[in-house]
Amino acid sequence: MSLMRLAYASEATFEAKPVEQGVEPHVARILMTSRRNNGKSDLVGGLYYGDNHFFQYLEGEEEDVRKTYARIQGDSRHRNITTLIEEPLENRTFSNWSMKYVPLSSDVRRFLERHGLERFDPASFTSRQCEEMIELVRNSSQGDKLVNYDSAAMSGAKVQAFSPGLRAGLLVAAACLMGALFYAGSLL
Ligand code: FAD
């Protein structure tokens, strides 16, 4: 028995629904099936969906990884499947996850920015970028949450409604108000 790891990129064939409608139902169904099946055959790994592309990482017994990948390759919900990593593995690097779904979208956006990439297109990743993506999925502590790249971008936009300048202004105003209250109190 030997372990192996595998990563691939693909393009979703379904029409991505508008971000404000929440989690993509196709992705939610894929995750449900993956978690059920992968748990049974002790496969671990992670799935990332963004900009209508998938990045998936799998590790486990070679036979199980290959059987699962063959099923995945025959799935009509995606196309242009590009194998990025396919090699033997000494020890498992994921624990207790049958299929982690990365919710750290701000981390992925930072990753894209760092590499000067405009969109999430994992088929064009270098091997170093693949390893970074795997690390991102591995380090995500909230793999059970269903948050996609775009919805996190939206929540990011809400946070930015208080820009650093506005925040500083509000702090100064609060400090002035406190000072005025102190002064008024000392006059009484
Ligand atoms: P079933 O129980 O027969 O089907 C599960 C559900 O998926 C059913 O509701 C079925 O209607 C629906 N379904 C299946 N195929 C399609 C399709 N082509 N179009 C629409 N709905 C469909 N499977 C894994 O086991 N492990 C994985 O890690 C994994 N990762 C995936 C990643 C991606 C990006 C995609 C697209 C698919 C992935 N799958 C994975 C699913 C895989 O391709 C097979 O659909 C699945 O393994 C079949 O397993 P099953 O026979 O138990 O599913």
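1. E11 is partly exposed, its relative accessible area being 22%. Its partner in a salt bridge is R79, and the closest N and O atoms of the two lie 3.1 Å apart. Please keep in mind here, and below, that this is a predicted model. The pair links distant parts of the chain, with E11 in strand β1 and R79 in strand β4 (residues 78-89), 68 residues apart. R79 also counts as partly exposed, at 41% relative accessibility.

2. D107 is partly exposed because its relative accessibility is 22%, and R110 is partly exposed with a relative accessible area of 47%.

3. R128 counts as exposed, because its 58% relative accessibility is over the 50% cut-off.

4. Stepping back to the whole model, the count of salt bridges comes to eleven. You will also find a network of salt bridges that links R5, E87 and E131.

5. The largest nonpolar core has 18 residues, and V27, L47, Y49 and F54 have the most contacts inside it. At least two residues of this core come from each of β1 (3-12), α1, β2 (44-50), β3 and α2. The biggest contributor is β1, with four residues. There is also a second, separate core of 17 residues, with V108, C130, I134 and V137 among them. In soluble globular proteins, nonpolar side chains tend to be buried together.

6. Finally, do have a look at the largest pocket, which holds about 310 Å³ of space. It is lined by 15 residues, and those closest to its centre are I30, S34, I72, D75 and R77. Which elements each supply at least two residues of the lining? They are α1 (25-40), β3 (53-61) and α2 (62-73). The largest share, five residues, comes from α1. By type, the lining divides into five nonpolar, seven polar and three charged residues.

Definitions and conventions:
Residues numbered from 1 in each chain as written. Predicted model: local features only at pLDDT ≥ 70, side-chain atom pairs only at ≥ 80, totals over all residues. Heavy atoms only, no water. 1 Å grid on protein atoms, 1.4 Å probe; cavity = no way out; pocket = protein on both sides within 12 Å on 5 of 7 lines; lining within 4 Å. Points joined across faces, edges and corners; volume = space filled by probe spheres on them. Nonpolar A, V, L, I, M, F, W, Y, C, P; charged D, E, K, R; others polar. Core = buried A, V, L, I, M, F, W, Y, C linked by side-chain atoms within 4.5 Å. Buried < 20%, exposed > 50% of the residue type's maximum accessible area, 1.4 Å probe, protein only. Salt bridge = Lys/Arg side-chain N within 4 Å of Asp/Glu carboxyl O.
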